Amino acid sequence: MIKLIGEKVSLREATQEDVNELYYWKYEEKKQEAKKWNAPYIPERRLTKEKYINSWKKEYELFPSVPRILAIIINEKTVGTVSCYWVDKHTNWLETGIVIYDPDYWSGGYGTEAYRMWIDFLFESTHLHRLGMSTWSGNIRMIKTAAKIGMKEEARIREARIVNGNYFDSIKMGILRREWESYRSKSCNRKEYRGELKH
């Protein structure tokens, strides 16, 4: 079982208990604060718990020993996920994402550490050439998090998203392997913590 251990955050392959907890946050928790920021312009069907559990098993590994999704654990609580999916296998390009459902862990550096560990893991474990992410201009926290780990804004599609009746830009950001290698060597010189892999 893959487990990445950071200073504030751990990422791991989800246990049954983790998946149950994530189902609660995603569908049953009343406030649903994360949905206001995590692609609120995409209508989402509510899955039954059985279908949600099965969705975790679908195309689980992108590469041998590289799952497409891990649970985020903070203070022994399951609070979110990091994930990825193929954009183009021919050019070794994955899109990535992160969601922390529990607002108690927003704006405390938890998301940045989790996302950095995930990006490091994907580059270290594969031959991928680029990793990207997509969001909207209203999600300032996600844009700042991606920038902190070395991603650059690559495209801004103007007024392409509607949230609460207002237009926002669609934002695409990304990082190439050579940029990640350069950014990582600078980060190591600054002694930033990058996480430890335990199987």
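Guide: Two strands are taken as paired if DSSP finds at least two bridges between them. The model considered here is predicted. With that rule, β6 and β7 form a pair, running antiparallel and joined by 8 bridges.

Visitor: In β7, which residue is the bridge partner of G80?

Guide: The partner of G80 is I100 in β7.

Visitor: How many residues lie between the strands in the hairpin of β6 and β7?

Guide: There are 4 residues between these strands, and N92 takes a positive phi near 55° in this hairpin.

Visitor: In which sense do β7 and β8 run, and how many bridges join them?

Guide: Strands β7 and β8 run parallel, with 3 bridges between them.

Visitor: Is G132 buried or exposed?

Guide: G132 is buried, as its relative accessible area is 0%. Leaving aside neighbours within four places in sequence, its contacts include W93, L94, E95, Y115 and M173. M173 is 41 residues from G132 in sequence, yet the two C-alpha atoms are 5.6 Å apart in space.

Visitor: Which way do β8 and β10 run?

Guide: Strand β8 (residues 130-136) and strand β10 (residues 166-176) run antiparallel and are joined by 7 bridges. T135 stands opposite I171 in β10. Strand β10 also pairs with β9 (residues 152-163), in the antiparallel sense over 8 bridges, and here K152 faces G174. The hairpin of β9 and β10 has 2 residues between the strands, and N164 in its turn has a positive phi of about 50°.

Visitor: How many aromatic pairs does a search of the whole structure find?

Guide: The search finds 11 aromatic pairs. To read the geometry of one, note that planes over 60 degrees apart count as edge-to-face. The rings of W136 and F168 have planes at 85° and centres 4.8 Å apart, so this pair is edge-to-face. It links distant parts of the chain, since W136 belongs to strand β8 and F168 to strand β10, 32 residues apart. W136 is buried, at a relative accessible area of 3%, whereas F168 is partly exposed at 24%.

Visitor: Which residues form one aromatic cluster?

Guide: The cluster consists of Y23, Y27, Y52 and W56. Of these, Y23 and Y27 are among the buried residues of helix α1.

Visitor: What span does helix α1 reach from its first C-alpha to its last?

Guide: Helix α1 (residues 16-28) has 13 residues and reaches 17 Å, close to the 18 Å expected at 1.5 Å a residue. Its buried residues are D18, V19, L22, Y23, W25, K26 and Y27. Seen down the helix axis, these residues fall within an arc of 165°, so they line one face of α1. They pack against β2 (10-12), α2 (49-57), β5 (69-74) and β6 (77-88).

Visitor: Where does the charged end of K8 sit?

Guide: A charge is said to sit over a ring when it is within 6 Å of the ring centre and within 35 degrees of the ring normal. The charged end of K8 sits over the ring of Y110, 5.2 Å from its centre. R141 lies over the face of W37, at 5.1 Å from the ring centre.

Key. Residues numbered from 1 in each chain as written. Predicted model: local features only at pLDDT ≥ 70, side-chain atom pairs only at ≥ 80, totals over all residues. Heavy atoms only, no water. Expected span 1.5 Å × (residues − 1). Buried < 20%, exposed > 50% of the residue type's maximum accessible area, 1.4 Å probe, protein only. Arc of directions from axis to C-beta. Contact = heavy atoms within 4.5 Å. Phe/Tyr/Trp six-rings, centres within 6.5 Å; stacked < 30°, edge-to-face > 60°.
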